[in-house]
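Biologist: I would like to learn how to read a protein model. Could you take me through one, feature by feature?

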Amino acid sequence: MDNKPSKEISRRDAMKILGAAIGAVALANVPSKWNTPELAAGVLPAHAQTSVGAHTLTPGPDDPAANYCFPLNSTVTITPPTPGILMRYVITTSAGVIITSPAALTGTVPTDGSGIASLDVTVDSFSFTIGSTVTVTWTFENPSDGSGSGAQVFTSAGSGC
């Protein structure tokens, strides 16, 4: 009998053999023809749908016949009502309209216990005409509090006070 001594395989050679075997298995399972990927759509469970933003917002109603001689009161309501949520406002106007209050055309206002944030906007008494507009756009300051935006538009029914 011939007793040939067995040859030891080095760790490096074992890794090469293992890699080749894994590659061969992977290639054997590759389809011969590629198919168009399928897109599956569905409805998220209720807990997943509400986890993105805890609140939604609804701006106050537009005022198509606003009296600019008095402060305009812009509001936003969040659902569910939660106090202390910071709401960001951005005020934009039609040409020539000057806002005297608030001092900044953008800022934040916290919601009250009813989930309402309120902002008084004062227009310079001689800077508007019939049809001038003041728009207050509301968003959440912190995206984790909620998502979406909404605007409230005040259209002047007169010209000057």
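Biologist: How many bridges join β8 to β9?

Modeller: First, the ground rules. This is a predicted model, where local features need pLDDT of at least 70, side-chain atom pairs count only at pLDDT 80 or more, and totals for chains, interfaces and linings use all residues. Residues are numbered from 1 along each chain as its sequence is written, and side-chain values use heavy atoms, with hydrogens and water left out. Strands (E, at least two residues) and helices (H or I, at least four) are DSSP runs, numbered from the N terminus. Two strands pair if DSSP finds at least two bridges between them. Here, β8 and β9 run antiparallel and are joined by seven bridges. In one place, T139 stands opposite S149 in β9.

Biologist: In which sense do β2 and β9 pair?

Modeller: In the parallel sense, over two bridges, with β2 covering residues 63-66. D63 has F154 in β9 as its bridge partner.

Biologist: Which residues make up the covered face of β9?

Modeller: The general idea comes first: side chains in a regular strand alternate between the two faces of the sheet. In β9 (residues 149-156), G150, Q152, F154 and S156 make the covered face, while S149, A151, V153 and T155 make the uncovered one.

Biologist: What is the strand order in the open sheet of four strands?

Modeller: The order is β1-β3-β7-β5, with antiparallel pairing. Since β1 (56-59) and β5 (99-101) stand at the edges with a single partner strand each, one side of each is left without a neighbour in the sheet. Inside this order, β3 (residues 72-79) and β7 (residues 116-123) pair over six bridges, and T75 stands opposite S118 in β7.

Biologist: How many aromatic pairs does a search of the whole structure find?

Modeller: Two. A pair of aromatic rings is described by the distance of the centres and the angle of the planes. Rings of Phe, Tyr and Trp (its six-membered ring) pair if their centres lie within 6.5 Å; planes under 30 degrees apart are stacked, over 60 edge-to-face, and the rest tilted. Y89 and W138 form an edge-to-face pair, 6.2 Å centre to centre with 65 degrees between the planes. This pair links distant parts of the chain, 49 residues apart: Y89 is in β4 (residues 86-93) and W138 in β8 (residues 133-140).

Biologist: Is Y89 buried or exposed?

Modeller: Buried means under 20% relative accessible area, exposed over 50%, and partly exposed in between (1.4 Å probe, protein chains only). Y89 is buried at 6%, and W138 is buried at 0%. In contrast, I22 counts as exposed, with 52% relative accessibility; I22 lies in helix α1 (residues 11-28).
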